[in-house]
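Please have a look at the model below, and then join me for a walk through its fold. We will go from the overall build to single residues.

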Amino acid sequence: MSNQDGKISMANMLILFYLFSDGKLEDNLVGIFNLFDADGNKIITLNELYEIMAVFIEIGEGKDHQIDLAKTMAEMFKVADKNKDDVMDLKEFQNGVMEHPVTAKIFRIKKIDALLDVMAV
């Protein structure tokens, strides 16, 4: 989650904020979706999804994970993009995140200590 200087980006901090807030999961996913909808057009492209997945996988699997980011991203996108238009709207994003095993795991971790244990691996 940190860059080569050991600093955590504001976007990554906001994702953590949404992951651990007491709000409803649907509301938290709206916040995360909006963070990565870079151009504000209410859809997420493959490039925008790549940024999300990189952060999610590091959060859920730890810094030294062996997860194939491209494969996971393609799987999640395929599950989510129900209308096959090659972009995800908010509803598709919410469903895709919760239906894919790697990303769904992240939202089951609701305690900061559990997250830190995973990230330390």
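**Ground rules and confidence**

This is a predicted model, in which local features need pLDDT of at least 70 and side-chain atom pairs count only at pLDDT 80 or more, while totals for chains, interfaces and linings use all residues. Residues are numbered from 1 along each chain as its sequence is written, and side-chain values use heavy atoms, with hydrogens and water left out.

The mean pLDDT (the predictor's confidence in each residue, from 0 to 100) is 75 for the protein, and 64% of its residues reach 70 or more. Among the elements, α5 has the highest mean pLDDT, 90, whereas helix α7 (residues 112-120) has the lowest, 53.

**Overall build**

The protein has seven helices and zero strands. Here helices (H or I, at least four residues) and strands (E, at least two) are DSSP runs, numbered from the N terminus. Read from that end, the order of elements is α-α-α-α-α-α-α.

Of the 121 residues, 40% count as buried. Buried means under 20% relative accessible area, exposed means over 50%, and partly exposed is in between, with a 1.4 Å probe and protein chains only. The accessible surface of the protein comes to about 7,000 Å², and carbon and sulfur atoms account for 56% of that surface. These areas come from the Shrake-Rupley method with a 1.4 Å probe; for residues, only the protein chains shown count as cover.

Contact means heavy atoms within 4.5 Å. Among contacts between residues at least 6 apart in sequence, 56% join residues at least 24 apart.

**The nonpolar core**

In soluble globular proteins, nonpolar side chains tend to be buried together. A nonpolar core is a set of buried Ala, Val, Leu, Ile, Met, Phe, Trp, Tyr and Cys residues joined through side-chain atoms within 4.5 Å. The largest such core in this model has 18 residues, and those with the most contacts inside it are Ile44, Leu49, Met76, Met88 and Phe93. At least two core residues come from each of α2 (25-36), α3 (46-61), α4 (69-80), α5 (90-99) and α6. Helix α4 gives the largest share, five residues.

What does Met76 touch, leaving aside residues up to four places away in sequence? Its partners are Leu49, Met53, Met88, Phe93, Gly96, Val97, His100 and Thr103.

Thr103, one of those partners, is found in helix α6. With a relative accessible area of 0%, Thr103 is buried. Thr103 and Met53 are 50 residues apart in sequence, yet their C-alpha atoms are 8.0 Å apart in space.

**Where α5 meets α6**

The axes of α5 and α6 come within 5 Å and cross at roughly 90°. Axes are lines fitted to C-alpha atoms, for helices over the stretch in contact, and angles run from 0 to 180 degrees between N-to-C directions. The two helices, α5 and α6, are therefore roughly perpendicular to each other, a label used for angles of 65 to 115 degrees. On the α5 side the contact is made by Gly96, Val97, Met98 and Glu99, and on the α6 side by Pro101, Thr103, Ala104 and Phe107.

Glu92 also sits in helix α5. Is Glu92 buried or exposed? At 7% relative accessibility, Glu92 counts as buried. Not counting residues up to four places away in sequence, Glu92 touches Ala80, Asp81, Lys82, Asn83, Asp85 and Val87.

**Some C-alpha pairs**

| Pair | Along the chain | C-alpha distance |
|---|---|---|
| Arg108 and Met98 | 10 residues | 9.8 Å |
| Ile67 and Ala54 | 13 residues | 9.9 Å |
| Glu92 and Phe77 | 15 residues | 8.9 Å |

Arg108 belongs to helix α6 (residues 101-108) and counts as exposed at 60% relative accessibility. Ile67 is in the loop between α3 and α4, where Ile67 counts as partly exposed at 27%.

**Two lysines with positive phi**

Most residues other than glycine have a negative phi, and most peptide bonds are trans. Lys42, which is not a glycine, has a positive phi of about 70°. Lys42 lies in the loop between α2 and α3 and is exposed, with a relative accessible area of 54%. Lys84 has a positive phi too, near 55°. Lys84 lies in the loop between α4 and α5 and counts as exposed at 56% relative accessibility.

Technical notes
Angles under 35 degrees count as roughly parallel, over 145 as roughly antiparallel, 65 to 115 as roughly perpendicular and the rest as oblique.
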